[in-house]
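Please find below a colleague's note on the model under discussion. It is arranged as numbered points.

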Amino acid sequence: MSKYDFDAIIIGGGAAGLTAAGIAANFGAKTMMIERYRLGGDCTWTGCVPSKVLLKAGKVAQQIREGAKYGLIDQEPEINFQNVIEHVHETRQEVYEDADRPEIFEDMGIKVVSGSAKFIDEHTVEIKGKDGSNRKVSSRYFFICAGASAFVPPIQGIDSVPYLTNDSLFEIEDLPEELTIIGAGPIGTEMAQAMSRLGANVTVIDMADRIMVNDDPELADMLRKKLEGEGIHYELGARVKEVSSEGGITVRIEVDGQTKEITGDQLLMATGRRPNIDGLGLDKAGITYSSQGIEVNDKCRTNHSHIYACGDITGRYQFTHMSDHMAKVATTNALLKFPMKIDADHVPWVTYTDPELGHVGATEEQLKQQEINYETYRFPYSKIDRALIDSEEEGLIKIHAKKWNGKIYGVSIYGAHAGELISEYALAMKNGISLRNIADTIHPYPTYSLGARRAADQWYIKNQSEWQVKLIKKVFGYRGEVPDFSDPNRIV
Ligand SMILES: Cc1cc2nc3c(=O)[nH]c(=O)nc-3n(C[C@H](O)[C@H](O)[C@H](O)COP(=O)(O)OP(=O)(O)OC[C@H]3O[C@@H](n4cnc5c(N)ncnc54)[C@H](O)[C@@H]3O)c2cc1C
Ligand SMILES: NC(=O)c1ccc[n+]([C@@H]2O[C@H](COP(=O)([O-])OP(=O)(O)OC[C@H]3O[C@@H](n4cnc5c(N)ncnc54)[C@H](O)[C@@H]3O)[C@@H](O)[C@H]2O)c1
C-alpha cells in the first residue's frame, strides 16, 4: 500500500501534460492531471492552432490575389475579419473536442482536476480551485508541465499602451490597419505574413540584424525578401527606445544612429517567452530553477529523482513536438526506469509561413564551431516538377553531410511543404540513413518528396569526378564526352 495518494501527478494540461498523463495512465500509474485554465494549453488555444488557421486564411486570400499565377484572374479578396476570427475559434474548439477534452483523459482512468497547483513539500501539492477551495494531494512522482507565457521586455512606456501578445491576438474583432510587431522570431514572422495577407499594413521591428535568427541565414534572408515583396516593412538592427500612445501606438526606435517613429493602431509583442515558474511553490519542494526555467537533465529529471519537468517550463525547446518528446522521455525514465534521453541531435522545427522554413539537426554555424568537415548539397525548388506544377518554384533545400559516406548532419529547407520534407530527413538522420540510401529509394512522381530524393542525388553527383568517367569510358570502351565538372554548383 503506497503512502501517497497518487503514483503520478501532472501539473499543467498543455502539450507536455496531456502526453505525460496519457503515458502515465497507459503504464498503469494512478494518475492525476491538474490544469488551472483550459486543457490543450498554448498550442490549442493561443499558439500553434490559431496561428496556423490565420496563416491558412491569409494564404487563401493571397491565392485569390495571385489567381493569374494559376491561369485564373487576379482579384482582391473580400475579407470579413470577424468571420476569420470566428473560424479560428471554431477550429480551436474542434481540436479541443477531438483531442483535449477532460472526458478523453478521464476515460483513460486519469483524475482530471481544475485548479492551480503549488508544491507545499517535495511530495505534496496544494490545489486551489476556482471556487476558492483548497485540497492537498501527495504523489510518488511529479511531472511539472506548466508551460510559458509571452515575455514582454521592460521597454519605456510599454505599460501605458494596450499591446497585444499571443494571448490576446486571436481574440481581436477588427483587423488592425497599421500593425507594428516587435520581434522577428517565429511568432512575429508568421503573424506578420498572416495579418499582412489579411489586409493589415505591417511593420516588424527587431534588434537582431536579420529575421529568424535560429534558422539558416541564407534561407531566412530569402524569406525576408519574399515578405518584403508582399509589402511587410522591416526595421532590423533596431533599438526600441520607447513606446507611447500618441495618435495611435508609437514605437520610437534607433537604427543606424537615426531615430525613427513607427505608428500603428495595434502593437504585437512577439519578443520571446518566459517560463510559468511563479506560484508553483518550487522553493517549498527544493526544486532548482532559474529565470530561464526549471533545470532538468537530459532525462527531463530535476534535482529530485521523483520530480520531472517537460515542455516550455524548462525553457529548452519551445515546440509542441518537443513538449511531447520530453513528456515521453520523463515518464519512461520515471515510471519504467527505462533510460531514455532527449534526442537533442535531431530536433526539427518549422515556421509555417508561405513558403515554409524548416530545419533539422546541426546548423552550418554549429558544424563550423565543432570543426566538423562537411559538404553542402543544394537543390532548388525550381528543379522540382511538382513545385513548378503548383507555381511553388521559390525555395531551396540545403543539406550538410559527410562527403565520403553521405551521413547527414543537418538540413534546412525554405519552400512549400518544407515541414513535411524535413521529417524524411529527420527519420533518416535518427536511423543512420545516408544521402546515398535516400537517393537509392524510389520516391513517387510528381511529389515534393521526390525533390528530397533529388537533393540527395547531389551527393552522388558531387562525388563523381572526371577521372572516374574517364576510367569508365576506358574500361567499357564508351565514346561519349566527359561531363564538365568545373562548376562546383553543378546540379543534375
Ligand atoms: C503563437 C504561437 C505559435 C506557436 N506555433 C507552434 C507551432 O506551429 N509548432 C510548434 O511546435 N510549437 C508552436 N508553438 C509553441 C508551442 O505552443 C509550445 O511549445 C507548447 O504549447 C508548450 O506546451 P507545454 O505543455 O509545455 O505548455 P503549455 O501549452 O503552456 O501548457 C501549460 C499548461 O499548464 C497550466 N498551468 C500553469 N501553471 C499551472 C499551475 N500552477 N497549476 C495548474 N496548471 C498550470 C497552464 O494553464 C497551461 O494550460 C507556438 C507558440 C505560440 C505562442
Ligand atoms: N512554427 C513554430 O514552431 C513556432 C511558431 C511560433 C512560436 N514558436 C515557439 O515560440 C517561441 C517564442 O517565439 P517568439 O517569436 O516570441 O520568440 P523568439 O525568442 O524566437 O524571437 C523573439 C525575437 O524578438 C526579438 N526581441 C526581443 N526583445 C526585443 C526588443 N526589446 N527589441 C527588439 N527586438 C526584440 C529577438 O531579437 C528575437 O528575434 C519560439 O522560440 C518558438 O519555439 C514556434
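1. Basis. This is a predicted model, in which local features need pLDDT of at least 70 and side-chain atom pairs count only at pLDDT 80 or more, while totals for chains, interfaces and linings use all residues. Residues are numbered from 1 along each chain as its sequence is written, and chains are lettered from A and ligands numbered from 1 in the order in which they are written.

2. Domains. The protein chain is divided into domain 1 (6–39 + 101–150 + 274–336), domain 2 (158–272) and domain 3 (349–476); these bounds come from an automatic or database domain assignment. The centres of domain 2 and domain 3, taken over C-alpha atoms, are separated by 33 Å.

3. Contact between domains 2 and 3. Here 12 residues of domain 2 are in contact with 13 residues of domain 3 (contact: C-beta atoms, placed from the backbone, within 7 Å). On the side of domain 2 that touches domain 3, α7 and α8 (217–229) each supply at least two residues. The largest share of that side, 5 residues, comes from α8. Helices (H or I, at least four residues) and strands (E, at least two) are DSSP runs, numbered from the N terminus.

4. The sheet. An open sheet is formed by 4 strands in the order β10-β9-β8-β14, with parallel pairing; two strands pair if DSSP finds at least two bridges between them. β10 (233–236) and β14 (266–269) each have a single partner strand and stand at the edges, so one side of each is left without a neighbour in the sheet. Strand β8 (residues 178–182) runs parallel to β14 and is joined to it by 4 bridges. I181 stands opposite L268 in β14. α7 packs on the sheet, where it touches β8, β9 and β14, and its direction makes about 165° with that of β9 (axes are lines fitted to C-alpha atoms, for helices over the stretch in contact, and angles run from 0 to 180 degrees between N-to-C directions).

5. Which residues come nearest to ligand 2? Of the 26 residues around ligand 2, they are G183, G185, P186, G272 and Q318 (near: C-beta atom, placed from the backbone, within 6 Å). Two or more residues of this shell are given by each of α7 (186–197), β9 (201–206) and β19 (348–351), and α7 gives the most, with 4 residues. The shell draws at least three residues from each of domain 2 and domain 3.

How values were computed. Contact = placed C-beta atoms within 7 Å.
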